[in-house]
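Please look at the structure shown here, together with its sequence, and keep both in view while reading.

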Amino acid sequence: MLAAPARLGRVRVLAIDGPSGAGKSTLAAHVVAGLIARGCRTALVSTDAFATWDDPVSWWPRLVDGVLRPLAGGVAGAYQRMDWSTGAPWPGELVRVAVPDVLVLEGVSSGRTSVRPLLSHLCWLDGGSEAGRLAKTVSRDGAAARGELARWQRFERGWFAVDGTAEAAGTRLP
């Protein structure tokens with residue numbers, strides 16, 4: 001990442017994309033920790049902070065306007081993280097994003113076609129079988145979420161097929 005070209009102003013952007021339950025958040029946390037350990041100013045933004053069951057990807061302009069455009073201009077960005085504490089999403093806390101050396105975008109649709117020209121690298125995680133990933137996300141989010149998670153998986157299948165995210169990735173992990 002540190003040798004890759006910066007394409008968002010002076011910021012290098014790594015997108016870690018793949019279906020739900022693939023391990024994107026875990027990988028992103030390891031990458032961020034490794035970059036910070038090397039003295040690299042690093043920021044992490046997850047698409048989970050924006051997406052809802054009923055709005056899986058059309059929220060993207062909020063990320064562009066609040067984070068990507070300001071960082072490209074060399075100024076800090078900010079966004080409102082979705083708060084799920086009541087069981088239904090609503091705009092929660094304001095999260096400020098200082099200008100980093102590397103911005104890690106993590107989550108479903110983080111490597112979408114529209115952002116690829118700004119990416120220094122795109123990493124795709126397959127995450128195993130759909131059934132295995134569903135079991136993993138249900139164990140993480142609770143049995144009450146099973147129906148929404150299954151619906152989300154159906155959406156992802158179509159989204160990734162149309163967007164061609166896996167095929168565009170410079171790194172593909174199982």
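Begin with Thr42, whose bridge partner in strand S5 is Val102. The model in which this pair is found is a predicted one, in which local features need pLDDT of at least 70 and side-chain atom pairs count only at pLDDT 80 or more, while totals for chains, interfaces and linings use all residues. Residues are numbered from 1 along each chain as its sequence is written, and side-chain values use heavy atoms, with hydrogens and water left out. The names of strands and helices come from DSSP runs, numbered from the N terminus, where a helix (H or I) has at least four residues and a strand (E) at least two.

A further pair joins Leu44 to Val104 in S5, and in total 5 bridges connect S2 to strand S5, residues 102-106, with the two strands running parallel. Two strands are said to pair if DSSP finds at least two bridges between them. S5 is also joined to S1 by 5 bridges, again in parallel, and here Leu14 stands opposite Val104 in S5.

These pairings belong to an open sheet of 5 strands, which follow one another in the order S2-S5-S1-S6-S7 with parallel pairing. Strand S2 (42-46) and strand S7 (171-173) each have a single partner strand and stand at the edges, so one side of each is left without a neighbour in the sheet. From one strand to the next the twist averages 15°, where axes are lines fitted to C-alpha atoms, for helices over the stretch in contact, and angles run from 0 to 180 degrees between N-to-C directions. Helix H1, residues 24-37, packs on this sheet and touches strand S1 (12-17), S2, S5, strand S6 (121-125) and S7, with a direction that makes about 170° with that of S5. Contact here means heavy atoms within 4.5 Å.

How are the side chains of S5 arranged? In a regular strand the side chains alternate between the two faces of the sheet. In S5, Val102, Val104 and Glu106 point one way and Leu103 and Leu105 the other way, and all are buried. A residue is called buried at under 20% relative accessible area, exposed at over 50%, and partly exposed in between (1.4 Å probe, protein chains only). Since 5 of the 5 residues of S5 are buried, this strand is largely enclosed by the rest of the structure.

Next comes the loop between S5 and S6, where Ser109 lies. Ser109 counts as buried, at 0% relative accessibility, and, not counting residues up to four places away in sequence, Ser109 touches Asp17, Thr47, Val57, Trp59, Trp60, Trp159 and Phe160. The side chain of Ser109 is joined to that of Arg112 by a polar contact of 2.8 Å; such a contact is a pair of N or O atoms within 3.5 Å, and within protein one must be able to donate a hydrogen and the other to accept it, while residues adjacent in sequence count only if both atoms are side-chain atoms.

Arg112 is found in the loop between S5 and S6 as well. The side chain of Arg112 does reach the backbone oxygen of Val57, at 3.0 Å.

The structure holds 9 salt bridges, and one of them joins the side chains of Asp54 and Arg151 (3.2 Å, N to O). Asp54 lies in the loop between S2 and helix H2 (60-72) and Arg151 in helix H4 (residues 146-163), so the pair ties together parts that are 97 residues apart in sequence. Asp54 counts as exposed, at 68% relative accessibility, whereas Arg151 is partly exposed, at 34%. Arg151 also forms a salt bridge with Glu148, with the closest N and O atoms 2.6 Å apart, and these two residues both lie in helix H4, 3 residues apart, about one turn of the helix.

Methods:
Salt bridge = Lys/Arg side-chain N within 4 Å of Asp/Glu carboxyl O.
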